Amino acid sequence: MHQALYRKWRPQTFDDVCGQEHITSVLRYEVMQNALSHAFLFCGSRGTGKTTCAKILAKAVNCEAPVEGSPCGKCAACRSIDSGAATDVLEMDAASNNGVDNIRDIRDEVAYTPSALRYRVYIVDEVHMLSPSAFNALLKTLEEPPAHVIFILATTELHKLPATIISRCQRFDFRRIALPVLAGRISYIAEQEGMELEAAAAERIARMAQGGMRDAISLLELCGSARRRIDVETVNEMMGSGGRDEMLEIVSAVIGGDYDKIFSAVNEAVSSSRDLAVFWQDLIAVYRDLLVVKTTENASRYLDLTDAEAAKLSALAANIKKGTLLAHCRLLEDALFAMQKANAVKRMVAELTLVRMCDPALDTSAEGMLSRLERLEDAIAAGVPVSAAPPKKQPAEEKPATQAPEAPAAPTVAAAPKAEPPRAPTAPKASAPQPATGGRVLHRIRGFMNCVERVRRENTMLGSFIADAKAFLTDDGSVVIQLTNPFSLMMLDNADARALLCRCIAPDIGQAPTPSQLVFETPDPAAAAKDTVLDDLLDAAGGKSE
């Protein structure tokens with residue numbers, strides 16, 4: 001009868017366990033020194049060796065001639081445990097035996113001494129599935145078991161265990177196995193099984209296993225069923241994945257707004273009967289790598305990539321802003337959840353999401369607005385006027401029927417900013433001048449909300465009075481604060497409030513005004529209604545003429 005490779009190549013000694021040396025070294029020492037705990041708790045993600053180490057430990061504590069803390073595998077005790085004939089080693093799946101009656105049976109059995117071995121060992125897998133009453137029944141026995149009993153609990157979800165259970169056990173955290181370790185192990189297994197496995201394909205399998213040895217060996221067996229040399233293309237074909245190069249091309253198409261490429265990629269994935277959820281997870285993985293490259297200085301520390309892949313990723317990251325990257329990640333995450341709930345419309349979800357990623361104007365989420373504001377700020381910082389609407393693309397093969405050569409359409413983004421007259425030195429952060437009553441010229445103070453926050457930190461009440469106010473600089477250096485009502489004006493028109501405002505507004509205007517330079521007023525309601533947030537944005541973007 002055929003035996004799965006992950007069972008055939010299950011480690012039999014602590015030396016064979018890969019990537020968990022921080023655990024196996026402690027277990028071997030305890031066995032060698034006969035300083036065993038009465039209860040062990042093995043926790044970690046799937047396929048990292050929890051059950052394997054539990055079985056090896058059960059053999060080691062009962063082995064007649066252990067070798068440096070590992071079972072010899074030759075004595076009668078080791079052979080009986082390997083064959084499953086040892087009645088003193090009991091393995092229980094808590095997922096299907098999670099009732100209080102199952103734990104009561106264990107509690108009654110522990111009173112009896114082992115029939116043939118030195119220790120009676122209970123291995124409880126997926127222990128987090130036990131019911132609350134079963135946990136309560138286990139508490140006293142787990143805390144003070146007989147000297148001949150050892151409990152080994154294994155779980156993938158530690159947070160579901162009661163603290164009273166965790167505190168009674170010696171806890172070991174199994175880590176995800178590193179990519180080089182996984183690749184080396186499956187390369188060795190492939191060689192022993194007579195498979196031709198390329199190094200790049202081994203790395204691809206290891207990356208898709210996400211730190212789980214069992215998953216990596218199962219993927220190797222799946223790819224080996226093709227009965228041909230296993231290369232990267234074979235792995236992608238068997239797993240329904242398009243490969244990293246295809247994902248990078250899709251990201252490049254999203255950045256460049258290439259809709260044809262996007263629809264072609266989705267169509268190819270659907271036509272080849274690939275799972276769009278796998279396709280989407282590969283795309284999310286690339287965006288995660290882009291986020292790491294964009295936000296860290298030493299990205300290679302967090303990425304398992306070749307030099308060529310790292311170079312391609314860096315080139316893409318240079319063409320995308322952080323805000324846009326965050327917006328795309330949120331759209332990808334939402335789309336993945338939508339695909340899991342509605343399998344019938346996966347294709348439409350994928351296409352709609354990619355189209356929204358191409359055009360920031362179609363994304364109304366907070367992240368999408370952040371991306372658009374980031375682009376606007378970059379344009380303002382560069383001194384480039386930006387119009388309110390994006391340009392409409394004109395097909396290359398089509399030209400307008402009537403076009404006056406002497407009056408070409410004005411470009412949306414100017415090649416060079418329009419020269420402006422020098423501003424007053426007292427208003428370094430003021431916006432374009434706005435005419436006001438009394439013959440004054442007011443320059444709006446950008447970042448006045450920063451001043452409001454500073455006032456709130458020192459005096460919450462005064463901060464509430466200027467929360468909706470507008471601040472301007474005049475050519476003579478005075479600061480005009482337009483308040484929303486006369487009551488706010490009355491509360492702010494005193495020496496203490498003026499001193500606090502002068503101190504808090506100084507960073508925003510680049511100078512420290514005197515209290516006498518503060519002018520409080522309540523503007524005419526009709527004029528205030530015309531001055532909206534949209535006007536502020538247009539001023540900042542250079543869209544309002546002077």
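The protein chain contains 24 helices and ten strands. The model is predicted, and its average pLDDT is 81, with 82% of the residues scoring at least 70. Of the 546 residues in the protein chain, 42% are buried. The accessible surface of the protein chain amounts to about 29,400 Å², of which carbon and sulfur atoms supply 54%. Among contacts with a separation of 6 or more, 71% are accounted for by residues 24 or more positions apart.

Five of the strands form an open sheet with parallel pairing, in the order β2-β3-β4-β1-β5. Its edges are formed by β2 (89-93) and β5 (170-174), each of which pairs on one side only. On average, neighbouring strands of this sheet are turned by 15 degrees against each other, direction ignored.

Helix α2 (residues 21-33) lies across β1 and β5, and its direction makes an angle of about 150 degrees with β5. Helix α5 (residues 100-109) lies across β2, β3 (120-125) and β4 (149-155), running at about 165 degrees to β2.

Strand β7 (residues 441-445) and strand β8 (residues 470-473) run antiparallel and are joined by two bridges; here R444 stands opposite F472 in β8. Strand β8 is also joined, by four bridges, to strand β9 (residues 479-482), and these two strands likewise run antiparallel. In this second pairing, L473 stands opposite V479 in β9. Strands β8 and β9 form a hairpin with five residues between them. The turn of this hairpin includes G477, which has a positive phi of about 95 degrees.

Where pLDDT is low, predicted coordinates should not be read in detail.

Notes. Residues numbered from 1 in each chain as written. Predicted model: local features only at pLDDT ≥ 70, side-chain atom pairs only at ≥ 80, totals over all residues. Heavy atoms only, no water. pLDDT = per-residue confidence, 0-100. Buried < 20%, exposed > 50% of the residue type's maximum accessible area, 1.4 Å probe, protein only. Contact = heavy atoms within 4.5 Å. Areas by Shrake-Rupley, 256 points an atom, 1.4 Å probe, with all protein chains shown as cover. Pairing = 2+ DSSP bridges. Axes fitted to C-alpha atoms, helices over the stretch in contact; angles between N-to-C directions.
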